[in-house]
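Hi everyone, thanks for coming. Please have a look at the structure on the screen, and then I'll walk you through a few places in it.

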Amino acid sequence: MDFTPTEAQAEARDLAARIFADLATHERLRAAGTGSDPELWKALCGAGLVAAVEELGLLGLVLLLEEQGRTTAQVPYAASCVYGLLAITAHGTDEQRHRLLPGIAAGSTVVTGAFPAQPAVRLPVHPGLRPSAWPVLSGTVPVVPWLRDATHVLVADAGRRLWLVDLAVGAGVEEIELTAPWSAGRLTLDEAPAEPLGADPGTDTGPGAYADVLACARTAFAGLQAGVCAGSLARAVAHTNTREQFGRPLATRQGVQLRAADAHMDTESIRVTAYEAAWRRDAGLPYATHALTAAWWASEAGQRVVHTGQHLHGGAGADVDHPVHRHFLWGRQLDAYLGSGGEVLQELGELIASGD
């Protein structure tokens, strides 16, 4: 394994870091409230940082999402790259890639994902009853991140087949708020025309594409969590080095140093497991267990790190307007989105025991 970024990956990461640092400031984030920042999204797409993911691979995306996490920038970067660009590139037809990828790269088309599969989503197939040849989907997905920013949603039905739904046709979006400002919504499908990803009408896409997209999402969001944790820890280090108590910086206290050291090791564990899973996917190797390992570290260790970051700020960390509080909210939201540590560990154990 070699996690050393290529020249292209390093350049893209550095460019992303500059854009996020310039535009995802505390003042702009506060002004955005719980919504996304369209100017930042336009800047990222204009710089080619969405289109580049097709070439940079999942490891490149993880590096870029780390930079987003450091600033908790409010854009649908992870969702549109994972459920849109990478999913369609890997599993879409030539026609789907030609039709959808340019819009995704430009930012005019934003795709999010209704994952994992919700039993409430059913698939009654009615060919010939609709002007379109596509089947229709009905059902409800209670929480879909960045749904309010999206033009399309990738839906996994109860049979773990993947379908693209144009939100402008037959889909209802109800605004909801999550712990973190992810522009989320409740998705209601009422016989909405659904386009199978990578298959002709009436053809079963099978569970393989679902498994890959799910593992890809787990890896990418674990990378995002690594950035959130790194940003939280960096703020805590800066605070404890400047805040004095009894004439000495807080950072000189052994208890503070131990908490910060534990948080650093947890952050590195999230990062290296996400890197490994991403590297294996890019190399064409099996990576489902590695993605689950990264998700477990991101969920279990991530919530420890953001709690530490808030705790080391003392009373200031409890201020909901303080920048470190956003890292706390993002860390807890990612913990919930990836699944609790116990649930992820159980799935990982079952997968290892099955030998798949």
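Let me begin with what a pocket is: on a 1 Å grid over the protein atoms alone, it is an open set of points where a 1.4 Å probe fits, with protein on both sides within 12 Å along at least five of seven lines, and its lining residues have an atom within 4 Å of a point. Grid points are joined across faces, edges and corners, and the volume is the space filled by probe spheres set on the points.

Before we use that: this is a predicted model, where local features need pLDDT of at least 70 and side-chain atom pairs count only at pLDDT 80 or more, while totals for chains, interfaces and linings use all residues. Residues are numbered from 1 along each chain as its sequence is written, and side-chain values use heavy atoms, with hydrogens and water left out.

So, the second largest pocket holds about 250 Å³ of space. It is lined by 12 residues, and those closest to its centre are Arg160, Ala211, Arg218, Ala288 and Glu347. Helices H7 (207–242), H9 and H11 (341–354) each give two or more residues to the lining; helices here are DSSP runs of H or I with at least four residues, strands are runs of E with at least two, and both are numbered from the N terminus. The biggest share comes from H7, with 6 residues.

Let's stay with H9, residues 288–311. Its 24 residues reach 34 Å from the first C-alpha to the last, close to the 34 Å expected, which is 1.5 Å times one less than the number of residues. At Ala301, H9 bends by about 35°, taken as the angle between axes fitted to the seven residues ending there and the seven starting there.

Now for some loops. Where does Thr72 lie? Thr72 is in the loop between helix H4 (53–71) and helix H5 (77–91), and its phi is positive, about 50°, although it is not a glycine. Most residues other than glycine have a negative phi. Thr72 is buried, at 1% relative accessibility; buried means under 20% relative accessible area, exposed over 50%, and partly exposed in between, with a 1.4 Å probe and protein chains only.

Ser183, in the loop between strands E5 (171–175) and E6 (185–196), also has a positive phi, near 45°. Ser183 counts as buried at 2% relative accessibility.

Finally, Ser340 sits in the loop between helix H10 (323–338) and H11. Ser340 is partly exposed, at 34%.
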